[in-house]
Amino acid sequence: METDPGFIAALEEAKQGYAEGGVPIGAALVSKDGKVLGRGHNMRVQKGSAVLHAEMSALENSGRLPASAYEGATMYTTLSPCDMCTGACILYKVKRVVIGENKSFMGGEEYLKNRGKELVVLDNEECKQLMEKFMKEKPELWNEDIAV
């Protein structure tokens, strides 16, 4: 799974977010036939946005799609999705969520499972190290991002 184009895209996005001075979380939405529909990274800092988390950015960058495009899709994300992003995955009937890591933050995983979504947690070391580095360097941005 860590070699899937969706995960690779999500990790590239997380690194780009970090390089831009933002929160290093990336995501990619991949159709059931393996096509990357959209990818993005957390843009709260860069755009001064309250809602542009990585998953929301990936959905935004997917453009306006018919509902059928989301059904059966997979959301790859480098970090466990927050309640807002969990809700977006449910709203758009994403079938599966692949999570790079959930040690830095545990989001709405139980809710996703309860709503019948397949979850895969990779426990990816590169994702963990990137988040740990960011949280040490910019704890105020991290706390703002998770609404602490």
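Here are some questions and answers about a predicted model.

Reader: What is the distance between the end C-alpha atoms of helix α1, and what span should its residues give?

Author: Helix α1 covers residues 5-19, which makes 15 residues. At 1.5 Å a residue, the helix should span 21 Å. The model agrees with that, because the end C-alpha atoms are apart by 21 Å.

Reader: Which residues of α1 are buried, and what covers them?

Author: Buried here means under 20% relative accessible area. In α1 that holds for Gly-6, Phe-7, Ala-9, Ala-10, Leu-11, Glu-13, Ala-14 and Gly-17. The cover over these buried residues includes β1 (26-30), β2 (36-41), α2 (44-47), β3 (74-79), β4 (96-101) and α7 (125-137).

Reader: Which residue just after α1 takes a positive phi?

Author: Let's look just past the end of this helix. The phi there is about 90°, and the residue that takes it is Gly-21.

Reader: Which elements give two or more residues to the lining of the largest pocket?

Author: The largest pocket has a volume of about 160 Å³. Its lining is made of 15 residues, and those nearest the centre are His-53, Cys-82, Phe-105, Asp-145 and Ile-146. Two or more lining residues come from each of α3 (54-62) and α8 (139-145).

Reader: How do the lining residues of that pocket divide into nonpolar, polar and charged?

Author: Sorting the lining of the largest pocket by residue type gives three groups. They are 9 nonpolar, 3 polar and 3 charged.

Reader: How many aromatic pairs are there, and is the pair of Tyr-70 and Tyr-92 stacked, edge-to-face or tilted?

Author: A search of the whole structure finds 2 aromatic pairs. In the pair of Tyr-70 and Tyr-92, the ring centres are 4.7 Å apart and the planes stand at 50°. Planes under 30 degrees apart would be stacked and over 60 edge-to-face, so this pair is tilted.

Reader: Are Tyr-70 and Tyr-92 buried or partly exposed?

Author: Tyr-70 lies in helix α4 (residues 67-70), and Tyr-92 in the loop between α5 (83-91) and β4, so their pair ties together parts 22 residues apart in sequence. With 6% relative accessibility, Tyr-70 is buried. Tyr-92 has a relative accessible area of 35%, so it counts as partly exposed.

Reader: What kind of pair do Phe-105 and Trp-142 form, and which parts does it tie together?

Author: The ring centres of Phe-105 and Trp-142 are 6.2 Å apart with planes at 90°, so the pair is edge-to-face. Trp-142 is buried, at 7% relative accessibility. The pair ties together parts 37 residues apart in sequence: the loop between β4 and α6 (109-114), where Phe-105 lies, and Trp-142's helix α8.

Notes: Residues numbered from 1 in each chain as written. Predicted model: local features only at pLDDT ≥ 70, side-chain atom pairs only at ≥ 80, totals over all residues. Heavy atoms only, no water. Helix = DSSP H or I, 4+ residues; strand = E, 2+ residues; numbered from the N terminus. Expected span 1.5 Å × (residues − 1). Buried < 20%, exposed > 50% of the residue type's maximum accessible area, 1.4 Å probe, protein only. Contact = heavy atoms within 4.5 Å. 1 Å grid on protein atoms, 1.4 Å probe; cavity = no way out; pocket = protein on both sides within 12 Å on 5 of 7 lines; lining within 4 Å. Points joined across faces, edges and corners; volume = space filled by probe spheres on them. Nonpolar A, V, L, I, M, F, W, Y, C, P; charged D, E, K, R; others polar. Phe/Tyr/Trp six-rings, centres within 6.5 Å; stacked < 30°, edge-to-face > 60°.
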